[in-house]
Amino acid sequence: MTSPRVSVIVPVFNTAPWVAEAIASLQAQTLPDFEVLVIDDGSGDGAGDVAAQTMGADPRFRLIRQAHGGLSRARNRGLDAARGSVIAFLDSDDRFHPEFLQRMAATLHRTGARWAACGIDLLYPGGCIAHSGVHGRNPPNGLIALDDAIEVGRILPSAWNKIYRRDLFRDLRFRPGTLFEDHEVFWTLAQRAGPLAYRDEALVQHRRMRPGQITACEDDGAFAIFDVLERLRGLIASGCVAHASAGFAQLATRLVHERLAVIGDPDRRERFVAAASRWFRHSAVDFDDGGDPWISAALKLSLAGEVPLSAILTPGAHPPTGAGWPQMHVHHWPPPHPLPGRFAMILGPGQTADAMAVQAAIRQLLATGADMMVGAYRQPEGVHDGWTVATQPTRDAALSGSSSVRPFTRFRG
């Protein structure tokens, strides 16, 4: 039997509402020469059956069922069975652009690279946001050198927006039984695969904030990031890359921020900050956001044992809840004296605030040394700039909740 050009590995676990869309996006690929290995990792919601029904009799698709062993074991099972000279991964709640395989395979051929990455569309419940797949400034199309740990750490380590020549996985597998498994594989490849070919176009649609998603986990699985960081420390130090220490510090800062950003439970958030503070201290790693405006500047205060924010609620105000908030104390009017927290905000009747906007405000206050920030807010008739009497209905209003406080900060996206 002739081997296909590309093998696509699709791990499936409890994604019944979305897996049909993932399979359909593969059936729509313009590159004809590929196989798909669908690994049903013991799904309990019938996701494997949905996948089988969607695949139908398409000879390019093969369903492999196994007892639940986790994402790493499912991907490894696919790697063991793959026959193509090129490997791709698709999560079963994501979708490929119809020309993903064709364009990415052409990139490998044109550049001679051993792996390639592309931009992504982040699909949130409220809409879609384009992301380059690289933190900070967007790289141009072409080859990205991987000889500087700071630059390597800016690249999203996710397996699913890349394709790889299969020989890279000859002796490499995902670590079973761990969360955030992409990081170690990515950094291993960064040391052995040579330059990364890059396409500045969104060819993958990645679903965010769905129930059960690992990267959005609200349980104590978030604490696994510290074990991952310990393994990455040795991996990065052993490589021949410039700025290994600074690159690792920036990577650790970003990963701790990302985990904290999705924890909504105040008690768990407090425990996670305490664990992070101990890890940074005992590991002799400095908090370093690398100038990334998306990383919480308030986190540095929390790691140092300082409460960044006090939220004061007047009667009828809505208490800040959910993920994304800095460490804060919530007080009802009248507030205590002295008031804890480096900064304070007062919410009036019917008002609430947006977590990202408050994080941005704290960053601006810390950067400028200002004592007060004036921000825009949303009201029924539109967005008020918070300074003059101007009220305008704008598309930015959709980014805020009702009467949400927003600083004068432009967000990427």
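Accessible areas are computed by the Shrake-Rupley method with a 1.4 Å probe, and for residues only the protein chains shown count as cover. The model is predicted: local features require pLDDT of at least 70 and side-chain atom pairs count only at pLDDT 80 or more, whereas totals for chains, interfaces and linings use all residues. Residues are numbered from 1 along each chain as its sequence is written, and side-chain values use heavy atoms, with hydrogens and water left out.

**Figure 1. Overall view of the protein chain.** The accessible surface of the protein chain comes to about 18800 Å², and 54% of this belongs to carbon and sulfur atoms. The chain has 11 helices and 18 strands; helices (H or I, at least four residues) and strands (E, at least two) are DSSP runs, numbered from the N terminus. The radius of gyration is 23 Å, close to the 22 Å that the globule rule gives for 413 residues, so the chain is as compact as a globular protein of that length. This radius is taken over C-alpha atoms, and the globule rule is 2.2 Å times the number of residues to the power 0.38. Of the 413 residues, 52% are buried (buried means under 20% relative accessible area, exposed over 50%, partly exposed in between, with a 1.4 Å probe and protein chains only).

**Figure 2. Packing of helices α8 and α9.** Helix α8 (residues 244-261) packs against helix α9 (residues 266-283) at an angle of about 170°, with the axes 11 Å apart. That makes α8 roughly antiparallel to α9 (angles under 35 degrees count as roughly parallel, over 145 as roughly antiparallel, 65 to 115 as roughly perpendicular and the rest as oblique). Axes are lines fitted to C-alpha atoms, for helices over the stretch in contact, and angles run from 0 to 180 degrees between N-to-C directions. From α8, F248, A252, T253, V256, R259 and L260 meet R269, F272, V273, A276, W279 and F280 of α9, contact meaning heavy atoms within 4.5 Å.

Figure 3. The peptide bond from W333 to P334 is cis, with omega near 0°, and P334 lies in the loop between β12 (328-332) and β13 (343-347). The bond from H337 to P338 is also cis, with omega near 0°; P338 is found in the loop between β12 and β13.

Figure 4. N14, in the loop between β1 (6-12) and α1 (19-27), has a positive phi near 55° and counts as partly exposed at 31% relative accessibility. H243 lies in the loop between α7 (225-238) and α8. Phi of H243 is near 55°, and H243 counts as partly exposed at 47% relative accessibility.
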